[in-house]
Amino acid sequence: MFNLGEELVAAYLEYIKKCEFIQQNLYTPDVQGEIDVVGLNLRAKKLYVCEVAIHLTTGLRYVKNKRPNNVEKLTEKFSKDIEYANKYFPDYEKHIMLWTPIVKAAKDTSKYNQIKDLEDIGKNIKQKFDVDIEFIVNDEFMKRLNELREFARSETKELKSPVLRLFQVEEYLKKHIGEISV
């Protein structure tokens, strides 16, 4: 099934980070899990392990027993991801990422706070594995989308990624809007 968020991340890894191999929905039976997107840049020996959460109206919101569960869910997911990466790619520079376009801010006194959840997830993973998660959220997510748009604008050949092809059509269309009226 086509997952737009995972397609965006895969395109970013392929075209911007120059990964030669990209796998979406990588099942990891030995650590009982699934990684949304993995990219390998063999020349630079870099591994990108990405979780993708496209929750638009609620922002980043995983739920368990009708309660927000971001910290537990994502700490567990990233722990499995890192164990997999360490086991199979010990000599690679690892980039562990969370891509989510909307993380909602809350008042400091709010019981549920998505920004604080990210901080807690980052602390949990840092404490357990001495790894910093790269949070590609809000402004940073938009920055990455704009990098993809700029890449699409600069290419004349047909791009294989459906996301990049759409960006390419949009960028080239801008040059011709208003030239001809039928």
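The numbered points below take up the aromatic pairs and then the charged groups over rings.

1. The model is predicted, so local features need pLDDT of at least 70 and side-chain atom pairs count only at pLDDT 80 or more, while totals for chains, interfaces and linings use all residues. Residues are numbered from 1 along each chain as its sequence is written, and side-chain values use heavy atoms, with hydrogens and water left out.

2. Rings of Phe, Tyr and Trp (its six-membered ring) pair if their centres lie within 6.5 Å, and planes under 30 degrees apart count as stacked, over 60 as edge-to-face and the rest as tilted; the count by this rule is six aromatic pairs. One of them joins Y12 and W99, whose ring centres are 5.2 Å apart with planes at 65°, so the pair is edge-to-face. Because Y12 lies in helix α1 (residues 4-16) and W99 in strand β6 (residues 93-100), this pair ties together parts that are 87 residues apart in sequence; helices (H or I, at least four residues) and strands (E, at least two) are DSSP runs, numbered from the N terminus. Both Y12 and W99 are buried, where buried means under 20% relative accessible area, exposed over 50%, and partly exposed in between (1.4 Å probe, protein chains only).

3. The rings of Y84 and Y88 have centres 4.9 Å apart and planes at 45°, so this pair is tilted. Y84 is buried at 13% relative accessible area, whereas Y88, at 40%, is partly exposed. Y84 and Y88 belong to one aromatic cluster with F89 and Y92.

4. A charge sits over a ring if NZ of Lys or CZ of Arg is within 6 Å of the ring centre and within 35 degrees of the ring normal. R149 lies over the face of F167, 4.2 Å from the ring centre, and the charged end of K175 is over the ring of Y172, at 4.1 Å from its centre.
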